[in-house]
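Let's take a walk through a protein model together. Have a look at it first, and then we'll go through it piece by piece.

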Amino acid sequence: MPLATARVTTDRPARYVKQLVSHMGHKVTATLASDGRGTITVAAGSCTLTPTPDRLELTATAVDAESLTRVQDVITRHLVRFATREELSVEWSTPIDGGDLEPTAPVVEDYLLSHHTPTDPVLGELAVATREAAADAAHMQISSDEGALLTMLTRLTGAGFAVEVGVFTGYSTLCIARGLTDGGRLLACDVSEEWTAIGRPYWERAGVADRIDLRIAPALETLRALGPEPVIDIAFIDADKDNYPAYYEEIVTRLRPGGLVVLDNVFLGGRVLDPAYQEDRYLAMRHLNDLIAADERVDAVMLPVRDGLTIARRR
């Protein structure tokens, strides 16, 4: 359970962050962001220090509980040492597992679902058909509020050509297709005839089937066949997580200036935030999240929408 937090009451939070980063930066990796947040990485793990008006918020992470304890001890000792004008109390929370994090509390989730433009019968019935057909796999379908966001983003970009990587039963496909301009086209990539077949009748009923070019083939092959020109107005990635970095790269190079790429599940159930999870899919997502944040080709924002949603705009 390698995540823990602490809230330290003080009227000098920004000063302590600067002192810790400056002092520890001689021995370990320590950085200070323009907004005042500090990150200190030691051999055992790392700690982020965030100043607020009346306290210092600490978040420590490590690959296991023993390493987490070492990180907490290092940060606590140095912080208390610098506090020569006051007596600081550093009380760490009980360690938690990243998989137990809830980006959206149930009461907030219910409120969100009740306060977006209501879904129409076609989308509602497709959601029901997915639950009945997919059972435990139905969680792969996006929520109605995320679908509404996809339609809105597609309309806001004036998209005439969209790409979707990962169709499942076609709920997100329908949401994107509805937002396209007249004559617009959605290239929808998936490898399952079975799941995508569920969505086809609903695309017909919604009057957007003629906008959707469904390709049953590995998405990387489909994307590379597009050629190198920047022709994509908006793209949505919601497929196998190990290949997210490759999908992103193929799409962002073909994204026109001002175009958007939207990536779902960037938290992976909170496990991306927890360094104890070292399986390939978590490593790939962490790598991609770091890459996008530093990618000079785009402006990006990560949102705590459902399982984490990143929106990147091509400069």
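This is a predicted model: local features need pLDDT of at least 70, side-chain atom pairs count only at pLDDT 80 or more; totals for chains, interfaces and linings use all residues.

On the domain 1 side, Pro2, Leu3 and Val63 do much of the work, supplying 79% of the area that domain 1 buries against domain 2, more than any other three residues.

So where are these domains in the chain? Domain 1 covers residues 2-94, and domain 2 covers 106-314. Their C-alpha centres lie 37 Å apart. Where they do touch, five residues of domain 1 are in contact with five residues of domain 2.

What kind of contact is it? Across this interface the rule finds zero salt bridges, and it also finds zero residue pairs in polar contact, counting pairs with both residues at pLDDT 80 or more. Sorted by class, the side of domain 1 that touches domain 2 has four nonpolar residues, one polar residue and no charged ones.

Now for some rings. The structure holds two aromatic pairs. One of them is formed by Tyr277 and Tyr282, whose ring centres are 5.4 Å apart, with 65 degrees between the planes. That pair counts as edge-to-face because its angle is over 60 degrees.

Are these two tyrosines buried or exposed? Tyr277 counts as buried because its relative accessibility, 17%, is under 20%. Tyr282 is buried too, with a relative accessible area of 9%.

Notes. Residues are numbered from 1 along each chain as its sequence is written. Side-chain values use heavy atoms; hydrogens and water are left out. Domain bounds come from an automatic or database domain assignment. Contact means heavy atoms within 4.5 Å. Buried area is the accessible area (1.4 Å probe) that two parts lose on being put together, summed over both. A salt bridge is a side-chain nitrogen of Lys or Arg within 4 Å of a carboxyl oxygen of Asp or Glu. A polar contact is a pair of N or O atoms within 3.5 Å; within protein, one must be able to donate a hydrogen and the other to accept it, and residues adjacent in sequence count only if both atoms are side-chain atoms. Ala, Val, Leu, Ile, Met, Phe, Trp, Tyr, Cys and Pro count as nonpolar, Asp, Glu, Lys and Arg as charged, and the others, Gly among them, as polar. Rings of Phe, Tyr and Trp (its six-membered ring) pair if their centres lie within 6.5 Å; planes under 30 degrees apart count as stacked, over 60 as edge-to-face and the rest as tilted. Buried means under 20% relative accessible area, exposed over 50%, partly exposed in between (1.4 Å probe, protein chains only).
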